[in-house]
Amino acid sequence: MNRDWLPIKTTPWTLGLALLFLFSLAETTDLPQRINYWLLDSALLANPTAASPNIAIVAIDDLSLARQGRWPWPRETHANLIHKLHQAGAKTIVFDVLFTEPSTDDAKLASAMQAHGNVVLPIHLAPSNPRLQLSEQLPPGNLTSAASRLGHAHVELDHDGIARGLYLFNGMGRQLWPSLALAASGASPREPDTQGLPAFINVRDDYRVVPLAGRAGTLSTYSYSDVLNAALAPDAFNGKTVFVGATAAGLGDILPTPFSGLSQPMSGVEFHANTLSAIQQQRLISPAPKWTGIALALITLVALATLVPRVRPARTLLACITAGGAILSLYLVLLHTLNIWLPVAHALIMPLVAFPVASGMRLATTNHFLNRQLDELVRTPRVALPEPAKHPASQLLEHFQALFQPQGWLLTEAADIISNRNLNLTDVPVNLKAGLWHHSGNQSWIRLNRGNVCYTLGIILPNNLNLEAIQRYLRRLKLSSTDAFEKRLSPSENISARIERVKVATERLNHMQEFIRRSFERMPDGIIVTDELGIIRFANGHIEEWFGEPMPSLSGLPLTRLLDGHDPRETQPWYETVSETLTMLQSRTVDLKIRDKDFLIHFAPFALPDSVQYGIIANISDISELREQQRQHREAIDFISHDVRSPLVSQLALIEQLKRDPTHIDQSQLEQLGRLARRSYHLAEEFVQLARAEQLTETRFYECEFLSIVENARDSVSEQAVEKRIALQLQGTEDLWLRGNAELLERAVINLLTNAVQYSPTGSAVSIQVFRAGHQACLTIVDDGAGIDPEELPYLFDRYRRQKSSELAGVHGTGLGLSFVKTVVEKHRGEIYVVSRPGEGATFTLKLPIAEPLL
């Protein structure tokens, strides 16, 4: 039987049934209830309710027991306390002290209660003795009559033994008594909703969670004996509700709370005082019906079962975390805003278990897929290149000879020379390490181990600008094999063993795909591959860069829509070209323009694998440089035909004039002839310099110092500046080393300084600043000339472009000087810009990268 006869797929039904099973399993335990209690306690501890200033506690503490004697005290003592609190202005007095047995002092206590007029006494629901049924234990009749209201003193303990709330109404079948705090706020007993219950049945109604103000002692508390025997502060009890009850640990009226647990329990009287504080602030929390928690859990279950199978595995955890965060946010909003306690434990369990369950199902599906595809992957052809580490040493020498044309070499096997030229055994460096190149000048050496034989290979490289690049290339070559030291651990687990088998099998496919992908990416042209409907299925990085479309949006996009969006055309629209390529199976070549760049796109049909349909391979070549060269060629022809020919024609005409009358040669004519000749020379010189700049490559770069270049340029222009009495003020002392061509850089600076002197008024100054800014060497040239019109600034560095204002002022140029400067700066990977306003001069700023120090 096939081991994959029952594959487990991650679908809404399978995931939903798994979550429903776990939900039902959790329902049989007390885990959800514990989670609900923990969430409630954490929320209340993080945001405790403020203590009401209108509540005070008179505590029957250990100090009071020591001073007043053993408990219980005479009721005359309580009467004296009521008189004292009445004199202090207490608004309401609430006793959390049971007076269930008659006493000789009841008349004095009743009289004091009547004198105050607002004293609340507790009742207790308990059997009068162990043999009797549950009954209401009321105070004696005269005390009951003297009390303004009665309230029950029962506090409910949850299943974990923590007191978090109480029932606002509690009693037997005939009537329900309000809690002490509720009675203190003015509530009266009420009849139960269910009539006809036996008198011994305890009926509780309206359970509320009490948000405590803090640990024990948070509310204002006074010792019973201090209140009774000492003078009271004027505002200690005035207008307040005063709770009287036991806080001494020996009296046993203590309750564990979320703030204290079992370590520092809270007295019952303080719990009732906290209840009244919450009532006054309308902060009592009502538990939501249990079915709401179940309904929320089922909604969460359905949502996760629907969503998780549709998202990618990497986003499953995010989806589960988002669901849990949404549930907690709903929980906190209901708790702190609407005072509703929603049991969300079941709903929270769903995201917690959905992630591992979905991951397990996906793992099972992956296992099934791996088993089914393994054999097919093994048969996949492999495209791989032989590793240099497996080449024989003699073959490596042949390859290096063909690749680098070394001036000499040496190959030895142990101490025997196999082949040599201009190198001998005495030239071999000592302490060569196997597999590591050793470079000394233009000599490179390496020791190779092939089996048990040790070879030594050395070559003398050409001592030119490519020497460093060749040595870096050699260091990257891995010529030593480490297979003998590598061990593969065979996995023992079944799934791991299958994954390892698939990993080995897919290496061939990965090698082929990587080979194809890198081949397409390294091509100088853009490549687009479409299916039989002209939908893009593959595009290399050039397409993403040229069209400005992210790679994910390219996949699945119709080729015609991509082309129409960047180069729409009416004649021979793109859809005709694409459709004719597919239907007529004919190649097409069309011009394409994208963002002011010129391209040539060649459409070629190709047969799709395992199909009779044809797709398209579109090859897009960037011909912008070619078109730009054509444009420059035309401009050069125009320049030569006009600017160069014009002074030559004038010279020839002047020479013919002089030849007709050689006896009358005027000095002004000779000067004019010289000016024309110099103009022709300058035109030719600038044209040649621009051509040199355009042909500049980094192979002609070397280390040069920028400040010296600027100083030499200043000296070259100094004579011209002296003629106009213009001061060239150079500021800069730091040596800034660049990697570039000093001759062309100096010529570029000369052009900038010449322009500054030429356009500056007589007697002014030109400021030259050389400084370092980060990893750039900066040059700033500021003149006091007439400035540049704003409409001419964008075209200032275009070739053959002259300023209209300069031409009108009689300053004639070729329009090549600033174009030459920009070309030189760009060849050095720098930047240049100008800031100028008419009448305020101009500021040219040039920035070049500083050469990185060699390690």
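1. Some ground rules. Residues are counted from 1 along each chain as its sequence is written, and side-chain values use heavy atoms, with hydrogens and water left out. As the model is predicted, local features need pLDDT of at least 70 and side-chain atom pairs count only at pLDDT 80 or more, while totals for chains, interfaces and linings use all residues.

2. Start with helix H2 (residues 31–46) and helix H11 (residues 313–337): their axes come within 11 Å and cross at roughly 60°. H2 and H11 are therefore oblique to each other (under 35 degrees is roughly parallel, over 145 roughly antiparallel, 65 to 115 roughly perpendicular, and the rest oblique). The crossing of this pair, H2 and H11, is right-handed.

3. Who touches whom here? On the H2 side, Asn36, Leu39, Leu40 and Ala43 make the contact, and they meet Leu328, Tyr331, Leu332, Leu335 and His336 of H11 (contact means heavy atoms within 4.5 Å). Sorted by type, the residues between H2 and H11 come out as seven nonpolar, two polar and no charged.

4. Now the other pair: helix H13 (residues 393–404) packs with helix H14 (residues 467–476) at an angle of about 155°, the axes being 13 Å apart. That angle makes H13 roughly antiparallel to H14. The crossing of H13 and H14 is right-handed too.

5. H13 brings Phe400, Leu403 and Phe404 to the contact, and H14 brings Ile470, Tyr473 and Leu474. The residues of this H13–H14 contact are six nonpolar, no polar and no charged.

Technical notes
Axes are lines fitted to C-alpha atoms, for helices over the stretch in contact, and angles run from 0 to 180 degrees between N-to-C directions. Helices (H or I, at least four residues) and strands (E, at least two) are DSSP runs, numbered from the N terminus. A crossing is left-handed if the near helix is turned anticlockwise from the far one by less than a right angle, and right-handed if clockwise. Ala, Val, Leu, Ile, Met, Phe, Trp, Tyr, Cys and Pro count as nonpolar, Asp, Glu, Lys and Arg as charged, and the others, Gly among them, as polar.
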